Amino acid sequence: MKILVAEDDATSRLVLGATLRSLGHDVTTVEDGAAALEAWRREEFGLVISDWLMPLLDGPGLCRHVRAERRPHYTYVILLTSLEGKGNYLSGIEAGADDFITKPLDREVLAARLSVAERIIGLHEALRIEATRDRLTGLLNRGAILDELQRELHRAVREDGPTATMLLDIDHFKRVNDTYGHLVGDVVLREIARRLQLTLRPYDRVGRFGGEEFVVLITHGDAEQSALIGERIRAAVAAEPVEVPGGQPVSVTVSIGVAIGQGSPDDADRLLAAADLALYRAKANGRDRVEVEPLAAL
Ligand SMILES: Nc1nc2c(ncn2[C@@H]2O[C@H](COP(=O)(O)OP(=O)(O)OP(=O)(O)O)[C@@H](O)[C@H]2O)c(=O)[nH]1
């Protein structure tokens, strides 16, 4: 497990770091709460073990920041304390800590608490996946891809670069359902999702927007590059009919609308509306095609 240790006492820091490493963990140690917060913002840690009293930012203060700044993955926080008394434990929990370990440290107690931490982190992760995935295709669901779009817009603003949003809709999908039945329709949806993932780079994100509509976010996508990617997706879908268990292969095509944004994090709705407009044009112009909508005056 990736663990961040915040402890101002050099000897305790050394001992705790060495013990955690000997238990097989990947450990980063820092000497105060502010450095811990900086490291936590920079990297992903499953677990933070923090001393209570530290210069600059104390353990509960660090907890409050960790809980206030939303991250996709849960961070489990254990506070180290030699302080006694219910009041303190309660204020630590209220600040967002998950558990306490009393100093001086006992290796067996530490190992036991870490296995509880791993169990809880695993449960959080399972819940997160359940809440963000589309059951049928395994892609991000509507809520999750909209969250990703928001993050992508913040990144584009920070880096002062473009970002592209693509809306993709299977052509005449109702006919597929009507002709072959819903189960075959589902096979087609799953196969389109698979081809989309194969065609995209690992850092581009794809989600099911609803029904037979998908969203693709192209990081750093300008108009020219996004049109090329859209074309690659279109061709990958049209290239081969979808194999269906026990039935005839089904030929499908997709229409794609692309919108380019480079403005404010508040542009999600405008970007989606522009991509929808381009998609409408792609449908009106004969389907199985890509249309790009440049975003004017963002
Ligand atoms: N099998 C299956 N079908 C779905 C699912 N979600 C939506 N659909 C179907 O998708 C079809 C969408 O049809 P329409 O919106 O009329 O559009 P279309 O037939 O694709 O035509 P164009 O978009 O104009 O090319 C409907 O028949 C829905 O029942 C799903 O999860 N599984």
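Is D51 buried or exposed? D51 is buried, because 25 other C-beta atoms lie within 10 Å; a residue counts as buried if 20 or more other C-beta atoms lie within 10 Å of its own, as exposed if 12 or fewer, and as partly exposed in between, with C-beta atoms placed from the backbone. This is a predicted model, in which local features need pLDDT of at least 70 and side-chain atom pairs count only at pLDDT 80 or more, while totals for chains, interfaces and linings use all residues. Residues are numbered from 1 along each chain as its sequence is written. Helices (H or I, at least four residues) and strands (E, at least two) are DSSP runs, numbered from the N terminus.

- D51 is found in strand β3, which spans residues 47–51.
- An unreviewed UniProt entry carries the annotation "modified residue: 4-aspartylphosphate" for D51; UniProt positions are given in the numbering used here, feature names are shortened, and annotations may be inferred rather than shown by experiment.
- Leaving aside neighbours within four places in sequence, D51 is in contact with A6, E7, D8, G59 and L80; contact requires that the C-beta atoms of two residues, placed from the backbone, lie within 7 Å.

**The five-stranded sheet**
- An open sheet is formed by 5 strands in the order β7-β8-β6-β9-β10, with mixed pairing; two strands pair if DSSP finds at least two bridges between them.
- At the edges are β7 (205–210) and β10 (290–294), each of which pairs on one side only.
- From one strand to the next, the twist averages 20 degrees.
- Strand β8 (residues 213–219) pairs with β7 in the antiparallel sense over 5 bridges, and L217 in β8 is the bridge partner of R205.

**Helices on the sheet**
- Helix α6 (residues 142–159) lies across β6 (163–170), β7, β8 and β9, and runs at about 135 degrees to β7; angles run from 0 to 180 degrees between N-to-C directions, and axes are lines fitted to C-alpha atoms, for helices over the stretch in contact.
- Helix α10 also packs on the sheet, where α10 touches β6, β9 and β10 and makes about 145 degrees with the direction of β9.

**The α7 and α8 pair**
- Helix α7 (residues 173–180) packs with helix α8 (residues 182–199) at an angle of about 135 degrees, and their axes are 7 Å apart.
- The two helices, α7 and α8, are therefore oblique to each other; angles under 35 degrees count as roughly parallel, over 145 as roughly antiparallel, 65 to 115 as roughly perpendicular and the rest as oblique.
- From α7, the residues F173, V176, N177 and Y180 meet H182, V184, G185 and V188 of α8.
- The residues of this contact divide into 5 nonpolar, 3 polar and no charged; Ala, Val, Leu, Ile, Met, Phe, Trp, Tyr, Cys and Pro count as nonpolar, Asp, Glu, Lys and Arg as charged, and the others, Gly among them, as polar.

**Loops and backbone details**
- D267 lies in the loop between β9 (254–261) and α10 (268–284), and D267 counts as buried with 23 C-beta neighbours inside 10 Å.
- The peptide bond from K103 to P104 is cis, with omega near 0 degrees; P104 lies in the loop between β5 (99–102) and α5 (107–132).
- L56 is not a glycine but has a positive phi of about 70 degrees; L56 lies in the loop between β3 and α3 (59–68).
- R287, in the loop between α10 and β10, is not a glycine either and has a positive phi of about 65 degrees.
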